[in-house]
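Reader: I am new to this structure and would like a guided look at it. Could you show it to me and then take my questions in turn?

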Amino acid sequence: MTEKKGYAGNGFVHVKNPHLALMDEDILYHLDLGTKTHNLPAMFGDIKFVCVGGSPNRMKAFAQFMHKELGFEGDGKDVKDICAGTDRYSMYKVGPVLSVSHGMGIPSISIMLHELIKLLHHAKCRGVTIIRIGTSGGLGIEPGSVVITDTALDSFFKPQFEQVILDNVVVRSTELDKDLAEELLNCSKEIHDFPTMIGHTMCTYDFYEAAVVCVTLLNRLEGDQITVPHEVLLEYQRRPQQLISIFIKKRLGLYNQNKLLDNAFFFSN
C-alpha cells in the first residue's frame with residue numbers, strides 16, 4: 001500500500017474520517033474490541049501483515065502454520081481467537097501477522113474491513129500489508145494454479161467497484177499494488193510444486209484488497225463442477241498459504257530455503 005492507499009505521511013495507517021478523532025470511544029462491535037475496553041496499540045501495534053480469507057477454520061490453520069514458520073515455541077494448536085466474544089469473525093495473531101476471517105460476500109467483508117482498518121489506525125500500526133488468501137474458479141488455466149491478482153474486473157470487464165453512499169455513486173479503482181504482486185511472484189520461484197502467475201480476477205459483485213492470491217479449483221472453460229477429491233482440494237487451499245509464508249519470512253529476514261521440506265511435512269500431517 002502507498003500513502004494514497006491508506007497511509008499518512010508518517011507511515012501510520014490512516015482513516016480518512018475527520019470525525020474519528022472526536023469520538024470519545026470507538027466500539028468495533030463485530031470484532032468484539034474497543035478503544036476503551038482494550039489497549040489496541042499494545043495488542044496490535046506490531047502488526048505488519050494482515051491476511052484475510054472467508055473461512056474461520058482456514059484462517060486458524062494459517063495462523064497455526066505461520067506459528068511454525070516464524071519459529072515460535074509450541075505447535076500453535078492453542079492459538080486463541082481474539083474475536084471469540086462474537087460469532088461474526090475469527091481473528092488470530094502470530095507475532096506481526098494477523099489472520100482474519102471475513103465470511104462471504106460484499107456486506108460481510110465490507111463490515112470486517114471497515115472495523116479492521118479502524119483497528120489498525122487505533123493501534124498506531126505502520127507499513128501494513130493486507131492480502132486476501134482464497135480460492136476461485138479459473139479461465140483457461142489448470143486447477144491448482146495459484147493466481148496473484150493485479151486487477152479485479154467487474155461484470156462489465158472494467159477495473160472498478162461502484163458503491164452507493166448517501167445517494168451518491170462512488171467509483172473506486174480495483175487495481176492492486178503491482179510492486180507487491182511482483183514481489184509475491186518472485187517469492188513463488190522458491191516453490192516448484194505448482195504453477196504461479198499474475199492475472200486478472202473477475203469479481204462480478206464481489207470485493208478487493210491490497211493484494212489477492214487465490215488457487216484455482218477448476219477450469220470454467222471445461223465445466224463448472226468441482227470433481228477432484230476432497231483431500232486434493234485441501235492441498236490446493238494450502239498453496240497460497242505456502243506462498244504467503246515465504247513472502248512474510250523474506251520481508252522479516254527469516255527465510256531459509258532448507259526448510260521447504262519441513263513445510264511439505266507440515267502440510268501432509
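Reader: How do α4 and α5 lie relative to each other?

Author: Happy to start there. The model is predicted: local features need pLDDT of at least 70, side-chain atom pairs count only at pLDDT 80 or more, and totals for chains, interfaces and linings use all residues. Residues are numbered from 1 along each chain as its sequence is written, and side-chain values use heavy atoms, with hydrogens and water left out. The axes of the two helices cross at roughly 105 degrees, and angles of 65 to 115 degrees count as roughly perpendicular, so α4 and α5 are roughly perpendicular to each other.

Reader: How many residues of the contact of α4 with α5 are nonpolar, polar and charged?

Author: Contact means heavy atoms within 4.5 Å. From α4 come L180, E183, L184, C187 and S188, and from α5 come L243, I244, I246, F247, K250 and R251. Ala, Val, Leu, Ile, Met, Phe, Trp, Tyr, Cys and Pro count as nonpolar, Asp, Glu, Lys and Arg as charged, and the others, Gly among them, as polar. The residues of this contact divide into seven nonpolar, one polar and three charged.

Reader: What is I248 in contact with, leaving aside its neighbours within four places in sequence?

Author: I248 is among the residues with the most contacts inside the largest core. Leaving aside neighbours within four places in sequence, its contacts are F49, C51, M66, L70 and V97.

Reader: In what order do the seven strands of the open sheet stand?

Author: Helices (H or I, at least four residues) and strands (E, at least two) are DSSP runs, numbered from the N terminus, and two strands pair if DSSP finds at least two bridges between them. β4 and β10 (196–202) stand at the edges, each with a single partner strand, so one side of each has no neighbour in the sheet. The pairing is mixed, and the order is β4-β5-β3-β6-β11-β7-β10.

Reader: Which residue in β10 does T149 stand opposite?

Author: β7 and β10 pair in the parallel sense over seven bridges. In β10, the residue opposite T149 is G199.

Reader: Which strands does helix α3 touch?

Author: Helix α3 covers residues 106–122 and packs on the sheet. Its direction makes about 165 degrees with that of β3, where angles run from 0 to 180 degrees between N-to-C directions and axes are lines fitted to C-alpha atoms, for helices over the stretch in contact. The strands touched by α3 are β3, β4, β5 and β6.

Reader: Is K124 buried or exposed?

Author: K124 has its place in the loop between α3 and β6. Its phi is near 60 degrees, a positive value in a residue other than glycine. Because its relative accessibility is 53%, K124 counts as exposed.

Definitions and conventions
Core = buried A, V, L, I, M, F, W, Y, C linked by side-chain atoms within 4.5 Å. Buried < 20%, exposed > 50% of the residue type's maximum accessible area, 1.4 Å probe, protein only. Parallel < 35°, antiparallel > 145°, perpendicular 65-115°, else oblique.
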